[in-house]
Amino acid sequence: MGIRMRCETWDVRRARAVVLIAAAVGLLTRMLIAANMSGPADVRIFQGFAEAIVRYGPIRIYEQPLPGLPVYNHPPLAGWMLLGLHELSELGIPFGTLIRSPASIADFFCALLVFEIVRRRSSTGTAVACGVGVAVSPVLIATSGYHGNTDAVAITFALAAAHLLADRKAPLAAGVCALLSISVKFVPVVVIPALFVVALRSGRPALIRFTAGFTVLVALVWGPALVTVPQSLKENVLEYAGGSYRLWGLVRFADALSLPQSFITFIHGEGHLLFVLACVAVGVWLAWLRPAQLPGVVAVTMGLLLLLSTASALQYLTWAAAGLFVIGFWEGAAYSCLLGLTAVLGYQGRSAVHWSETVLHLGEAGWFVLAAGLVSGVRKILAAQPAGPPQSPAEQTSVPAPCTPRPTGSPVN
């Protein structure tokens with residue numbers, strides 16, 4: 001009987017180089033899309049916001065009426081970003097390209113970040129597959145390269161905070177990244193309690209450093225708006241519940257099942273806070289039980305927020321895309337492929353907020369794929385060793401791992 005050999009041939013430097021190349025190709029792809037396609041209505045809306053910020057400033061913008069534009073519901077750092085992008089557009093760079101650059105660049109770094117997270121918890125080969133998966137994810141290419149917005153930036157900062165806290169033992173930097181994540185898009189607020197739980201469990205010095213990084217940046221980034229326009233900031237950003245479209249998830253299913261309008265109105269309005277609190281509770285519970293699995297906890301929490309979201313928009317699909325690759329390659333690949341098709345077809349329609357029947361049904365199937373991925377994620381987190389954080393594997397660069405002989409015909413994992 002012949003022998004079939006299974007070898008772990010990846011060394012870390014070569015593996016990291018592969019992910020870096022894939023991330024660079026992914027970034028180039030996104031920027032080519034951004035430079036050559038006009039994008040959805042959000043591109044023009046952001047340009048309108050940027051022009052208003054030039055007129056009123058990134059703080060007073062919250063209290064200004066903006067005729068022809070939706071409510072300005074973005075955290076303070078987004079305003080400074082828009083101000084900077086407007087200044088760059090004055091140099092002749094199209095604003096439509098610029099507004100999609102932050103998300104595209106964030107995806108570049110997120111691919112590298114996911115590789116570093118996964119290689120500490122699985123094989124180097126799996127980490128390469130997950131990092132490359134983020135780089136070429138159809139969901140992320142569509143939402144970052146074509147749509148833009150700041151969702152990908154927020155998710156990258158949230159995962160970076162978890163990685164720095166659990167894996168790098170850098171609580172000060174983790175606190176800074178945690179605050180940055182909610183300063184460009186407020187939705188990662190659901191993972192902040194879990195981050196604080198792990199900082200607490202890491203000991204008093206870690207908690208003090210994490211809190212210091214977080215609170216100092218709160219004062220710098222949020223402080224001026226909190227002091228100047230607290231009520232407008234609260235109404236526009238902190239209490240924003242999303243649009244009223246019935247395209248995704250619980251609201252979509254309630255509508256399809258002809259549930260009472262009073263119920264749909266409730267979960268669209270005051271009831272959405274219950275789902276947010278449920279996400280926070282799950283994140284805190286998992287973080288307390290398995291602090292070393294914090295990146296996976298962040299991934300599950302953000303994915304659960306999307307699963308239970310009572311608002312819907314194609315760019316929200318970003319919330320779970322990279323995180324599911326943290327959970328596992330097949331979870332991430334299944335989600336990215338199915339929801340990537342959903343996003344591409346959705347953007348090809350007459351409007352990104354008016355989905356065809358085909359896109360609606362793809363979204364329904366994607367919702368169940370997301371649910372299955374989150375169940376898998378929770379099981380993997382709970383199955384992990386509850387003791388201290390995982391150790392960083394030795395970065396051997398010349399000696400491959402031993403080969404395992406297998407009889408011919410036996411399955412190879």
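Reader: How large is the relative accessible area of phenylalanine 329?
Author: The model is a predicted one, in which local features need pLDDT of at least 70 and side-chain atom pairs count only at pLDDT 80 or more, while totals for chains, interfaces and linings use all residues. Residues are numbered from 1 along each chain as its sequence is written, and side-chain values use heavy atoms, with hydrogens and water left out. Buried means under 20% relative accessible area, exposed means over 50%, and partly exposed is in between (1.4 Å probe, protein chains only). Phenylalanine 329 is partly exposed, because its relative accessible area is 27%.

Reader: How many aromatic pairs does the count come to?
Author: Rings of Phe, Tyr and Trp (its six-membered ring) pair if their centres lie within 6.5 Å; planes under 30 degrees apart are stacked, over 60 edge-to-face, and the rest tilted. By this rule, the number of aromatic pairs is 15.

Reader: What is the angle between the ring planes of phenylalanine 329 and tryptophan 330?
Author: These two residues form an aromatic pair with 5.0 Å from centre to centre. The pair of phenylalanine 329 and tryptophan 330 is edge-to-face, and the angle between the planes is 70 degrees.

Reader: Is tryptophan 330 buried or exposed?
Author: The relative accessibility of tryptophan 330 is 67%. Therefore tryptophan 330 counts as exposed.

Reader: Which arginine lies over the face of tryptophan 288?
Author: A charge sits over a ring if NZ of Lys or CZ of Arg is within 6 Å of the ring centre and within 35 degrees of the ring normal. At 4.8 Å from the ring centre, the residue over the face of tryptophan 288 is arginine 201.

Reader: Which helix is included in what covers the buried residues of H12?
Author: Helices are DSSP runs (H or I, at least four residues), numbered from the N terminus. In helix H12 (residues 230–238) the buried residues are Ser232, Leu233, Asn236 and Val237. They cover an arc of only 95 degrees around the axis, taken from the directions from the helix axis to the C-beta atoms, so they sit on the same side of H12. Contact means heavy atoms within 4.5 Å, and what covers the buried residues of H12 includes helix H11 (204–228).

Reader: Which helix supplies the largest share of the lining of the largest cavity?
Author: On a 1 Å grid over the protein atoms alone, a cavity is a set of points where a 1.4 Å probe fits but cannot get out, a pocket is an open set with protein on both sides within 12 Å along at least five of seven lines, and lining residues have an atom within 4 Å of a point. Grid points are joined across faces, edges and corners, a volume is the space filled by probe spheres set on the points, and the largest cavity holds about 30 Å³. At least two lining residues come from each of helix H5 (101–119), helix H8 (151–166) and helix H17 (318–327). The largest share, 3 residues, comes from H8.

Reader: How many of the residues of H17 are buried?
Author: Among the buried residues of H17 are Thr318 and Ala322, which also line the largest cavity. H17 is mostly covered, and the buried residues number 10 of its 10.

Reader: Which residues are the closest to the centre of the second largest pocket?
Author: The second largest pocket has about 360 Å³ of space. Of the 18 residues that line the second largest pocket, the closest to its centre are Arg121, Val326, Ile327, Gly328 and Lys380.

Reader: Which residues does alanine 154 touch, not counting residues up to four places away in sequence?
Author: Alanine 154 lies in helix H8 and counts as buried because its relative accessibility is 1%. Its C-alpha is 7.4 Å from that of leucine 180, which is 26 residues apart from alanine 154 in sequence. Not counting residues up to four places away in sequence, alanine 154 touches Ser181, Val184, Lys185 and Pro188.

Reader: What is the phi of asparagine 149?
Author: Most residues other than glycine have a negative phi. Asparagine 149 is in the loop between helix H7 (138–147) and H8, and is buried because its relative accessible area is 4%. Although asparagine 149 is not a glycine, its phi is positive, about 65 degrees.

Reader: Where is serine 258 found?
Author: Serine 258 is not a glycine, yet has a positive phi of about 60 degrees. With a relative accessible area of 62%, serine 258 is exposed. Serine 258 is found in the loop between helix H13 (249–256) and helix H14 (261–268).
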